[in-house]
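This briefing concerns the structure shown below. Its topics are the fold of one chain, the contact between two chains, and the confidence of the model.

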Amino acid sequence: MEERPAVVRATALILGLAAPAALACELSGGPVEKLQSAAYTILYRAAPALRVGEHFALELAVCPAPEELRVDAWMPDHRHGMNYRPSLQALGSGRYRAEGLLFHMPGRWEFLFELRAPGGSERFAHAVRVE
Amino acid sequence: MKRALVLLLAALAPAALAFTEAETRAIAAHGPWPPAFAPDPSNRASGNNDAIELGERLFFERRLSANGEHSCSRCHLPERNWTDGEARALGLERVERNTPSLNNVRLQRWFGWDGAHDSLWAQSIRPLLDARELGMSAAQVAALVRADADLSCRYRRVFGSVPAADEELLVGVGKALAAFQETLVSGRTAFDDFRDALVKGDAAGIAAYPQAAKRGLGIFAGKGSCNACHLGPAFTNGEFHDTGIPFFIEQGRVDPGRHAGIQKLRASPFNLLGLYNDDAKRSTATGTRHVRLEHRNFGEFRTPSLRNLALSAPYMHNGRLATLRDVVNHYSTISPDRLHADGEAILRPLQLSERGTLDLVAFLETLADGGGRYARRPFAEDCR
């Protein structure tokens with residue numbers, strides 16, 4: 001009986017040191033896009049679904065939570081960005097909501113996620129196609 | 001199903017031209033037409049019959065001008081597709097820009113060539129107060145409504161009371177004007193019949209569409225990529241682009257277009273972030289809250305709808321191009337060096353042959369409904 005709490009504590013400590021992000025990195029509510037590097041995992045989904053010419057938001061989970069997150073998008077083939085600057089709300093525990101995005105032309109767009117932390121910054125780009 | 005449609009079209013050749021699957025999807029995206037009405041949450045008078053009737057009276061009301069001779073209908077003539085046929089509009093004075101049509105105006109996200117307003121009601125206030133257009137003040141508009149028994153009665157019928165504050169009363173006038181303009185929707189066209197036939201796989205309907213228009217549509221949705229900006233049922237993405245039309249007005253004066261429009265929008269007491277938005281949740285203000293001001297906005301102007309384009313000459317933000325053929329020639333020979341878009345790479349010369357030019361014009365002409373749909377309602381008896 002006395003051993004049991006110790007094991008649980010030990011397990012919790014190991015998880016806390018080694019991989020809290022991996023376990024916590026979930027975004028409930030449906031299918032997500034997943035981007036991964038050695039240091040970070042990003043999960044995101046658009047809400048409502050992407051449609052050209054319509055505002056949408058991004059729901060995001062970033063693990064581990066960076067000190068700062070920036071979200072933007074651009075059209076590489078056209079060399080222009082969005083006509084709107086997204087606003088980002090931190091919801092805690094690495095969850096975020098970006099509002100105000102709009103893809104005003106059909107074609108290939110790239111989401112840009114910039115993560116900043118004391119150890120350096122990391123940039124993710126993820127291509128999507130809208131029609 | 002979509003593949004089957006493409007095959008069907010291919011099987012009909014040469015009577016019908018084949019479109020790729022992507023082109024077929026793109027063509028289908030230009031409908032259905034007309035779109036269902038959806039009230040504007042920022043305007044509590046939107047869709048209200050009394051407001052529509054009040055707005056119609058105000059639209060043709062000449063006392064809403066500083067000289068008592070002009071009304072909104074001076075530039076927006078029903079018999080001219082709600083524009084005026086002039087290169088640049090003439091109110092109390094000549095202005096720098098072409099009068100846009102009011103057909104389908106309720107479908108827009110931004111209003112005016114520079115998008116300086118984010119609602120139809122705010123846009124409707126602008127020419128009332130512009131010294132070169134109707135030249136009124138909020139106090140003069142309010143005084144007219146208060147002093148006219150019929151107008152004030154109708155105003156009360158829509159909004160419950162006539163406000164004591166001039167600006168608030170002016171906003172009500174703008175909202176009634178907007179309610180009327182929301183009813184202005186262009187009719188179905190030869191293109192719509194073709195588009196619906198294409199979606200249904202109706203071979204007879206597909207064959208009825210002129211061959212030249214089909215070829216022009218092929219350019220529009222194919223090598224021309226015109227639908228990159230002129231997309232959806234209204235043939236516009238509602239946003240802003242530099243299309244290489246010079247924005248010099250005269251020596252030493254330029255029209256900065258969207259760059260100034262965003263600044264005017266942010267400064268306007270009538271924008272959707274302000275007091276007068278009837279949408280308490282401000283869900284209608286997402287664009288206003290997030291719009292981004294950049295150097296590239298200089299010289300950008302709103303992408304116009306192409307519906308009823310053939311009835312809207314002359315063309316572009318300053319009426320510089322007289323005919324549809326001139327417009328097609330402009331895009332056929334456009335020089336990327338003339339653009340000021342900070343490295344954007346959207347436009348390139350289409351380099352159309354004579355036949356290609358005529359075909360594209362033929363297609364654009366099928367987007368017109370023939371006009372003459374509006375009949376001014378006889379005014380009911382005076383409101384008491």
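Of the 131 residues of chain A, 25% count as buried, a residue being buried if 20 or more other C-beta atoms, placed from the backbone, lie within 10 Å of its own. The model is predicted: local features need pLDDT of at least 70, side-chain atom pairs count only at pLDDT 80 or more, and totals for chains, interfaces and linings use all residues. Residues are numbered from 1 along each chain as its sequence is written, while chains are lettered from A in the order in which they are written.

**Fold of chain A**
- Chain A contains two helices and nine strands, which are DSSP runs (helices H or I, at least four residues; strands E, at least two) numbered from the N terminus.
- The order of these elements along the sequence is α-α-β-β-β-β-β-β-β-β-β.
- Among contacts in chain A with a separation of 6 or more, 51% join residues 24 or more positions apart; a contact requires C-beta atoms, placed from the backbone, within 7 Å.

**Contact between the chains**
- On chain B, 18 residues are in contact with 18 residues of chain A.
- Helix 12 (residues 286-290) of chain B supplies four residues, the largest share of the side that touches chain A.

**Confidence**
- The model has ipTM 0.90 and pTM 0.90.
- Chain B has a mean pLDDT of 92, with 93% of its residues at 70 or more; pLDDT is the predictor's confidence in each residue, from 0 to 100.
- Over residues 5-16 of chain B, pLDDT stays under 50, and the model has 23 contacts beyond four places in sequence for them.

Technical notes. Buried ≥ 20, exposed ≤ 12 C-beta atoms within 10 Å, placed from the backbone. Contact = placed C-beta atoms within 7 Å.
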